[in-house]
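Visitor: I would like a close look at one part of this model, with the cut-offs stated as you go. Please place that part in the whole chain before going into detail.

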Amino acid sequence: MKLNVVEILKHLPKTNCKECGEPTCMAFAARLAKKDIELKACPPLFTSEYAAQREALENLLMGAVA
(Lines give C-alpha, C1' and ligand atoms only; values in the text may rest on other atoms or scores of the structure.)
Protein backbone atom coordinates (compact mmCIF):
# COMPACT_ATOMS: atom_id res chain seq x y z
CA MET A 1 0.00 0.00 0.00
CA LYS A 2 1.30 3.45 -0.92
CA LEU A 3 0.88 6.24 1.60
CA ASN A 4 -1.85 8.77 0.89
CA VAL A 5 -1.33 12.31 2.20
CA VAL A 6 -5.03 12.85 2.93
CA GLU A 7 -5.27 9.55 4.81
CA ILE A 8 -2.25 10.53 6.91
CA LEU A 9 -3.72 13.97 7.56
CA LYS A 10 -6.91 12.39 8.93
CA HIS A 11 -4.87 11.01 11.84
CA LEU A 12 -2.84 14.14 12.60
CA PRO A 13 -3.87 16.71 15.24
CA LYS A 14 -4.54 19.33 12.54
CA THR A 15 -3.48 22.13 14.86
CA ASN A 16 -0.86 23.56 12.47
CA CYS A 17 1.28 24.17 15.57
CA LYS A 18 4.56 24.10 13.57
CA GLU A 19 6.30 22.09 16.34
CA CYS A 20 7.46 19.62 13.66
CA GLY A 21 9.16 22.38 11.70
CA GLU A 22 6.55 22.37 8.94
CA PRO A 23 4.12 25.25 8.34
CA THR A 24 1.02 23.02 8.36
CA CYS A 25 -0.11 19.51 9.23
CA MET A 26 -0.73 18.98 5.51
CA ALA A 27 2.91 19.77 4.77
CA PHE A 28 3.96 17.36 7.54
CA ALA A 29 1.67 14.67 6.08
CA ALA A 30 3.21 15.15 2.63
CA ARG A 31 6.75 14.76 4.00
CA LEU A 32 5.67 11.75 6.06
CA ALA A 33 4.17 10.13 2.95
CA LYS A 34 7.52 10.55 1.17
CA LYS A 35 9.33 9.29 4.30
CA ASP A 36 11.28 12.54 4.49
CA ILE A 37 10.33 12.98 8.16
CA GLU A 38 9.57 10.69 11.07
CA LEU A 39 6.36 10.48 13.07
CA LYS A 40 8.21 11.45 16.25
CA ALA A 41 8.70 14.93 14.76
CA CYS A 42 5.07 15.68 15.72
CA PRO A 43 5.13 16.21 19.52
CA PRO A 44 1.34 16.58 19.92
CA LEU A 45 0.86 13.02 18.61
CA PHE A 46 2.75 11.75 21.62
CA THR A 47 0.38 13.26 24.17
CA SER A 48 -2.46 11.27 25.70
CA GLU A 49 -4.98 13.44 23.85
CA TYR A 50 -3.85 12.06 20.47
CA ALA A 51 -2.84 8.51 21.48
CA ALA A 52 -5.56 6.85 19.38
CA GLN A 53 -4.65 8.86 16.29
CA ARG A 54 -0.97 8.04 16.78
CA GLU A 55 -1.70 4.33 17.05
CA ALA A 56 -3.84 4.39 13.90
CA LEU A 57 -1.14 6.31 12.05
CA GLU A 58 1.61 3.93 13.20
CA ASN A 59 -0.46 1.03 11.85
CA LEU A 60 -0.98 2.86 8.57
CA LEU A 61 2.74 3.57 8.24
CA MET A 62 3.69 -0.04 9.02
CA GLY A 63 1.46 -1.25 6.21
CA ALA A 64 3.03 1.08 3.64
CA VAL A 65 5.53 0.06 1.01
CA ALA A 66 8.57 2.07 0.11
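In what order do the elements of the chain run from the N terminus on? After that, please take me through the loop between α1 and α2.

Guide: From the N terminus on, the order is α-α-α. The model is predicted, with local features requiring a pLDDT of at least 70 and side-chain atom pairs a pLDDT of 80 or more, while totals for chains, interfaces and linings use all residues. Residues are numbered from 1 along each chain as its sequence is written, and side-chain values use heavy atoms, with hydrogens and water left out.

The chain has three helices and zero strands; these are DSSP runs numbered from the N terminus, helices being H or I of at least four residues and strands E of at least two. Helix α1 covers 5-11 and helix α2 covers 25-33, and N16 sits in the loop between them. K18 lies in the loop between α1 and α2 as well.

Both residues stand out by their backbone angles. Most residues other than glycine have a negative phi. For N16, phi is positive, near 50°, and for K18, also not a glycine, phi is about 70°. N16 has a relative accessibility of 37% and therefore counts as partly exposed, whereas K18, at 52%, is exposed. On this scale buried means under 20% relative accessible area, exposed over 50%, and partly exposed in between, with a 1.4 Å probe and protein chains only.

The structure holds one cavity of 30 Å³ or more. A cavity is a set of points on a 1 Å grid over the protein atoms alone, where a 1.4 Å probe fits but cannot get out, and lining residues have an atom within 4 Å of a point. The volume of the largest cavity is about 80 Å³, a volume being the space filled by probe spheres set on grid points joined across faces, edges and corners. Its lining has 15 residues, with C17, C20, C25, F28 and C42 nearest the centre. Sorted by class, that lining has nine nonpolar, three polar and three charged residues. Here Ala, Val, Leu, Ile, Met, Phe, Trp, Tyr, Cys and Pro count as nonpolar, Asp, Glu, Lys and Arg as charged, and the others, Gly among them, as polar.

Helix α1 also holds a charged pair. K10 and E7 are three residues apart in this helix, about one turn, and they form a salt bridge whose closest N and O atoms are 3.2 Å apart. A salt bridge here is a side-chain nitrogen of Lys or Arg within 4 Å of a carboxyl oxygen of Asp or Glu. K10 is exposed at 52% relative accessibility, while E7 is partly exposed at 28%.

The salt bridges number five by this rule. Another of them joins K34 to D36, at 4.0 Å between the closest N and O atoms; K34 is exposed at 59% and D36 partly exposed at 44%. In the salt bridge of R54 and E58, the N to O distance is 3.8 Å. These two residues are four apart in helix α3 (residues 51-62), which means a separation of about one helical turn.

For the chain as a whole, the radius of gyration is 11 Å, in agreement with the value near 11 Å for a compact globule of 66 residues; C-alpha atoms are used, and the globule rule is 2.2 Å times the number of residues to the power 0.38. Buried residues make up 35% of the 66.

Technical notes:
On a 1 Å grid over the protein atoms alone, a cavity is a set of points where a 1.4 Å probe fits but cannot get out, and a pocket is an open set with protein on both sides within 12 Å along at least five of seven lines; lining residues have an atom within 4 Å of a point.
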